[in-house]
Amino acid sequence: MSDSPIVMEHAEHEARPELRHHFADVEQQRNAASLGMWWFLGTEIMFFGGMFCAYLIYRRWYFEEFAAASRSLSLGIGTFNTTVLICSSLTVAMSVRAAQLGNRKLQVKMLLLTLVFGLSFIGIKGIEWHKKYTEHHIPTFDYNVISGEGSLVKGNEHLLGIDKVENDPVKLRERKVEIQQHTKIFYSLYFALTGMHAIHMIVGVGIFICITWMAHKGRFTPEYHTPLEIAGLYWHFVDIVWIYLFPLLYLIDRKPIS
Amino acid sequence: MATLAVSGERKNYLNAEYGIRSWLFTTDHKRIALLYLLSITAFFFIGGFAALLIRLELLTPAGDLLSADAYNKAFTMHGQVMVFFFLIPSIPAVLGNFLIPMMVGAKDLAFPRINLISWYIYIIAGILYIHCLVTGGVDTGWTFYPTFSTEFSNTKVIEAGLAIFVSGFSSILTGLNFVVTVHRMRAPGMTWSRLPLFVWSHYATSIIMLLGTPVIAITLVLVVLERALNLGIFDPTRGGDPVLFQHLFWFYSHPAVYIMILPSMAVISEIVPCFSRKRVFGYNFVAMSSIAIAAIGFLVWAHHMFVAGISLYSAIVFSFLSFLVAVPSAVKVFNWTATLYKGSISFSTPMLYAFGFIGLFTIGGLTGLFLASLGTDVHIHDTYFVIAHFHYVMVGGAVMGYLGGMHFWWPKISGRMYPEGWGRLAALIVFIGFNLTFFPQFILGYLGMPRRYWQYPPEYQVLNVLSTAGATILAVGYLLPMVYLLWSLRYGKPAPDNPWQATGLEWQTSSPPPTFNFDETPIVTQEAYEYENMPLPEEVTLER
């Protein structure tokens with residue numbers, strides 16, 4: 001009688017307070033949580049996928065305008081932010097490792113570092129957006145890429161085909177209207193994509209504040225740290241989205257301007 | 001405990017706890033299913049009210065009851081409420097929620113709290129949508145096509161879009177719960193090939209919910225941004241592409257019709273073997289056809305856009321794929337029919353709905369092929385033929401299955417039997433009313449009456465009057481079950497644990513089930529639908 005599955009199940013529920021009533025054992029609970037997170041990340045791929053699809057179509061149609069607008073993004077800030085994000089993924093991985101080893105101090109330290117990196121990323125992104133605002137590159141907020149300090153035409157005359165129509169004022173004006181409209185599509189997608197990514201970052205920071213608190217309270221042991229693990233999956237995913245966004249938005253055509 | 005033992009009352013999920021808090025904070029999948037049942041019924045009436053307005057307006061050729069604008073709002077409200085707030089959650093969130101854990105032999109879904117959250121998200125979305133309706137409504141049609149929705153409409157497009165965006169998360173979370181439950185929560189011995197077909201079909205549905213819904217979510221976000229900030233990404237005069245919107249929209253919204261029909265097929269696959277006392281014919285084929293529908297269903301979306309200016313070559317491919325998706329649906333219909341062959345068939349209420357489903361779904365499916373062929377589609381695109389086609393699938397198919405399932409599992413859900421005579425009568429009324437409403441619309445569409453018009457030439461009036469008359473009969477057919485099912489809660493005969501002598505784990509526990517479904521985790525030793533070894537149900541034995 002003592003080794004019947006029901007009795008064993010009951011014993012496991014007694015011994016492991018984190019085991020919820022409807023699971024037979026801890027292993028099943030962990031597998032369910034991680035499968036759930038993987039499927040959720042699948043839905044996230046489809047969510048961003050819709051915008052990537054729109055991006056790819058318009059990029060093919062309006063390559064010159066997309067390339068010119070892409071050159072206006074700061075390569076330095078973008079690269080720096082990419083590094084920040086990759087570092088944050090490293091610290092997440094190290095905090096999971098620390099939990100596996102049962103090192104609570106290191107765990108909390110790594111999680112705090114993750115929060116610092118995450119918040120820095122959001123802050124730097126904010127500075128970048130503000131720069132776009134001052135350059136009149138945010139659609140509908142005094143949007144202007146033709147003249148003024150945010151002019152995309154200057155330096156990109158050849159890329160945008162301005163040099164071919166320079167002597168024909170009618171064609172030149174038409175071309176400028178096109179550039180204004182098509183770069184606006186780029187910036188719309190740029191803000192939609194990076195904005196959605198930033199919202200995911202903010203949610204991630206929120207989650208990791210809770211996780212850090214739980215780690216501080218000693219809730220994670222080498223046997224049980226599922227919340228940390230699946231929150232980590234989410235963080236890595238948001239990181240990977242940026243790994244795609246960075247080349248697609250910043251590195252369209254960075255050939256030196258001759 | 002002592003008093004309970006004396007009165008002999010067994011604890012079940014309904015009487016385990018009392019009070020409003022025990023319902024609003026429950027994590028029991030069965031109670032959440034009932035919360036969903038109440039809320040989708042409310043939305044069914046809102047959507048039905050809009051249908052009533054449409055049919056009354058179309059009683060006469062002149063636009064006399066509603067103004068053109070009000071008519072636009074009425075059919076938009078009908079479409080959006082019925083699709084997003086009734087059909088998509090209907091069977092999965094009510095019957096699926098109630099039954100899937102029991103069918104796989106689990107105590108609950110994998111994530112009970114997320115299950116409750118999904119209901120709250122649904123309610124928030126519902127409140128947002130109702131707010132949008134009472135502050136003026138929306139007139140874009142359920143499809144939100146730009147540039148009308150983004151630039152020209154003067155109605156509450158943003159509010160409606162956000163409401164539907166929010167409701168999407170509810171269906172994503174439901175789908176997530178089902179997939180993980182089926183993978184991770186099966187009882188010992190419940191292998192994949194022993195799963196009831198109900199579970200297989202819901203598994204396929206959940207995959208569509210998970211992979212499709214996020215796409216409509218981001219599409220609606222883009223529409224809202226476009227409208228709020230005047231971006232121009234869908235405006236052809238500014239280099240944008242309205243057809244891109246249609247691609248993104250139908251990438252979800254065509255698979256969404258499989259979200260509506262697959263759960264209904266799930267119900268039929270349970271009812272047909274039970275009331276013909278036979279093992280289902282070709283279990284593997286029925287199970288795999290669900291997966292095939294989910295997979296191919298993602299590749300047919302552009303058949304909604306044959307006249308929208310897409311390339312002829314892509315249209316040919318999409319036309320071919322649309323024909324292909326009919327194959328697994330036909331496999332199901334043939335297998336149900338073959339299950340009936342030499343079975344001991346009894347014409348109980350659920351079986352009547354199942355017969356209705358098979359017939360009407362066949363008509364709905366075959367007329368879908370008319371629309372999938374390129375040349376015919378040019379003639380009947382955007383006519384009442386299309387309306388009739390998808391109502392045969394969504395009302396004749398999905399709603400028939402929903403009602404059949406509600407009757408089949410009502411004894412399990414409520415612990416009471418419904419009155420069989422009334423049940424059969426209602427099923428008959430629904431079938432007659434449905435056909436009278438929608439068959440004339442096939443003819444109207446073929447003759448050229450376009451959809452979404454509030455006036456029409458007088459020669460179409462006879463058929464429109466028939467349709468409106470049918471809708472009234474249909475309404476009676478829908479109200480009847482409401483009345484007698486509620487009546488049965490108090491006056492119905494107490495239900496035995498397994499009134500139909502059906503196979504399936506849900507019938508092995510008591511009616512209504514205890515909070516954790518089973519007193520002991522069941523151990524499965526046989527395949528689904530072993531009807532050869534089951535005794536006949538009592539009522540059937542008495543009839544002979």
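So, which helix of chain B is Leu52(B) found in? Leu52(B) is in helix 3, residues 29-57; helices here are DSSP runs of H or I with at least four residues, numbered from the N terminus.

Quick housekeeping: this is a predicted model, where local features need pLDDT of at least 70, side-chain atom pairs count only at pLDDT 80 or more, and totals for chains, interfaces and linings use all residues. Residues are numbered from 1 along each chain as its sequence is written, and chains are lettered from A and ligands numbered from 1 in the order in which they are written.

Back to Leu52(B). Buried means 20 or more other C-beta atoms within 10 Å of a residue's own, exposed means 12 or fewer, and partly exposed is in between, with C-beta atoms placed from the backbone. Leu52(B) has 16, so it's partly exposed. Its C-alpha atom is 39 Å from that of Thr237(B), 185 residues apart along the chain.

Most residues other than glycine have a negative phi, and most peptide bonds are trans. Thr140(A) isn't a glycine, yet its phi is positive, about 70 degrees. Thr140(A) sits in the loop between helix 5 (104-134) and helix 6 (162-165) of chain A, and with 13 C-beta neighbours inside 10 Å it's partly exposed. Asn230(B) also isn't a glycine, and has a positive phi of about 55 degrees.

What about cis bonds? The one from Pro146(B) to Thr147(B) is cis, with omega near 5 degrees. Another cis bond joins Ser511(B) and Pro512(B), with omega about -15 degrees. Pro512(B) is in the loop between helix 16 (461-491) and helix 17 (538-543) of chain B.

Technical notes:
Helices (H or I, at least four residues) and strands (E, at least two) are DSSP runs, numbered from the N terminus.
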